[in-house]
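Have a look at the sequence and the fold, then read on.

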Amino acid sequence: MITIVEAIETKENLSDDMLKVSPGFFTENVLLEYELAKATPIEISVFDSQGRLVAQLGSTQNPVSEGFWNWDVPSDLLRGVYIFQIRTNDGVLTKRAVKI
């Protein structure tokens, strides 16, 4: 089941439904699913609620327009709100999820 918690920012020709984060409330791992208009380089990052970079999950020359990224959450990550971001040549997609 996919839980979309909230879109924070979308730019240019990106739409809210192009990034899904599940589960919306997480403990051990998070699945990011994305569907872009075209194959493009992507950078995937996680930020805390203060905007500090928590993890740089990946940066890749994405050969396809859709895919997924599984993040094994570090056991020492504090509870709170986290922002998942995919940056492309076309803009930025962000979603919010909560570590419980």
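A quick word on terms before we start: a residue is called buried when its relative accessible area is under 20%, exposed when that area is over 50%, and partly exposed in between. Keep in mind, too, that this is a predicted model.

**Ile100 and its contacts**

Who does Ile100 touch, once its neighbours within four places in sequence are left aside? The contacts are Phe25, Phe26, Thr27 and Arg79. Take Phe26: Ile100 and Phe26 are 74 residues apart along the chain, yet their C-alpha atoms are separated by 6.1 Å.

**A sheet of three strands**

Next up is an open sheet with 3 strands, in the order β2-β4-β7 and with antiparallel pairing. Its edge strands are β2 (19-22) and β7 (66-72), each of which pairs on one side only. On average, and ignoring direction, neighbouring strands in this sheet are turned by 15° against each other. Zoom in on β4, which covers residues 29-35: β4 pairs with β7 in the antiparallel sense, over 7 bridges. At residue level, Glu35 has Glu66 in β7 as its bridge partner.

**Salt bridges**

Now for some charged side chains. Side chains of opposite charge can pair when their charged atoms come close. How many salt bridges does the structure hold? There are 2, and here they are side by side:

| Salt bridge | N to O distance |
|---|---|
| Lys38 and Asp90 | 3.6 Å |
| Arg52 and Asp48 | 2.8 Å |

Start with Lys38 and Asp90, whose side chains meet in a salt bridge. Lys38 sits in the loop between β4 and β5 (41-48), while Asp90 sits in the loop between β8 (80-88) and β9, so this pair ties together parts that are 52 residues apart in sequence. Lys38 counts as partly exposed because its relative accessibility is 42%. Asp90, at 14% relative accessibility, counts as buried.

Then there's Arg52, which forms a salt bridge with Asp48. Is Arg52 buried or exposed? Arg52 has a relative accessible area of 52%, so it is exposed. Asp48 has a relative accessible area of 12%, and is therefore buried.

Methods. Residues numbered from 1 in each chain as written. Predicted model: local features only at pLDDT ≥ 70, side-chain atom pairs only at ≥ 80, totals over all residues. Heavy atoms only, no water. Contact = heavy atoms within 4.5 Å. Pairing = 2+ DSSP bridges. Helix = DSSP H or I, 4+ residues; strand = E, 2+ residues; numbered from the N terminus. Axes fitted to C-alpha atoms, helices over the stretch in contact; angles between N-to-C directions. Salt bridge = Lys/Arg side-chain N within 4 Å of Asp/Glu carboxyl O. Buried < 20%, exposed > 50% of the residue type's maximum accessible area, 1.4 Å probe, protein only.
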